[in-house]
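Morning, everyone. I have one structure to walk through today. Please look at the screen.

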Amino acid sequence: MSRNYYKSKPRLTRAGRLVRTTVLVVFLIGLGYAATLGPVHAARAKAKILDGSQPVEITKSLTITPAAYWLDEPLVEPLVELPIVPDLNSWAVYFGAQNGTVLRSPDRRLTIEVDDLGPGSASDAESILRERAQRILGKNAEVPAIRTETMASGSTLWHLDADVVLLAVVDHDGELVGLRAQTSGGESIESYRPAIGQLVETIA
């Protein structure tokens with residue numbers, strides 16, 4: 001009659017379990033940071049002050065050229081917006097593959113997010129504006145009227161306005177570019193309209 005003998009695995013000591021738990025906690029904290037605040041901090045680290053002659057890339061074929069002293073940094077796109085903890089953000093900024101840029105006025109009170117929306121039509125532009133407005137104002141809120149203008153460059157501009165935020169879509173040769181301009185501290189956006197208009201005209 002044969003007997004099978006099994007060697008029992010050595011049990012972790014108390015110190016070993018503590019080390020394992022500590023490593024796991026540090027790993028999870030690092031992963032959480034990389035998915036939430038990390039992209040924001042990475043974008044700020046890549047920010048640069050412009051001199052007025054530097055075109056900023058929106059897409060491979062489109063750029064925008066802010067005036068001197070505007071601040072440019074990569075756009076961080078939220079993947080999941082959470083009410084209490086920081087949003088889960090895209091990692092694209094780590095690899096320079098972000099879908100747009102964030103521009104801040106020389107006084108840093110106006111922020112304009114510029115993003116690539118791809119090819120689209122007038123109905124696409126209006127649908128995007130309504131969707132973005134509802135995301136800000138709430139699903140049941142009344143969306144302001146959408147206005148359409150032809151820019152000096154010949155591009156078409158659709159926009160809707162609230163007191164502290166302006167949403168717009170520009171059609172440049174069939175390519176749609178989205179803009180969201182917003183002031184800090186609840187300040188009215190009215191005084192910034194000329195600067196916004198000049199900036200939008202530089203899309204090329």
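L24, F27, L28, L31, W91, Y94 and F95 make a nonpolar patch of about 740 Å². A patch here takes residues with over 30% relative accessible area and no salt bridge; nonpolar side chains (Val, Leu, Ile, Met, Phe, Trp, Tyr) are joined within 5 Å, like charges within 9 Å. A salt bridge is a side-chain nitrogen of Lys or Arg within 4 Å of a carboxyl oxygen of Asp or Glu. Areas are Shrake-Rupley, with a 1.4 Å probe, and for residues only the protein chains shown count as cover.

Before going on, a word on the source. This is a predicted model: local features need pLDDT of at least 70, side-chain atom pairs count only at pLDDT 80 or more, and totals for chains, interfaces and linings use all residues. Residues are numbered from 1 along each chain as its sequence is written, and side-chain values use heavy atoms, with hydrogens and water left out.

Back to W91. W91 sits in the loop between β6 (88-89) and β7. Helices (H or I, at least four residues) and strands (E, at least two) are DSSP runs, numbered from the N terminus. Buried means under 20%, exposed over 50%, partly exposed in between.

Now compare T36, in the loop between α1 (14-35) and α2 (37-45). T36 is buried, at 14% relative accessible area. Leaving out residues up to four places away in sequence, T36 touches P86, D87, L88 and N89. Contact means heavy atoms within 4.5 Å.

Next, the sheet. Eight strands form an open sheet in the order β1-β4-β7-β8-β12-β11-β10-β9, paired antiparallel. Pairing needs at least two DSSP bridges between two strands. At the edges stand β1 (48-51) and β9 (147-150); each has a single partner strand, so one side of each lacks a neighbour in the sheet. From one strand to the next, the twist averages 25°.

Look at β7. Four of its five residues are buried, so β7 is largely enclosed by the rest of the structure. Four bridges join β4 (residues 68-74) to β7, and P74 stands opposite T101. Five bridges join β7 (residues 100-104) to β8 (residues 110-119). There, G100 has D115 as its bridge partner. In the hairpin of β7 and β8, with five residues between the strands, R108 takes a positive phi near 65°.

That's the tour. Thanks.

How values were computed: Axes are lines fitted to C-alpha atoms, for helices over the stretch in contact, and angles run from 0 to 180 degrees between N-to-C directions. Buried means under 20% relative accessible area, exposed over 50%, partly exposed in between (1.4 Å probe, protein chains only).
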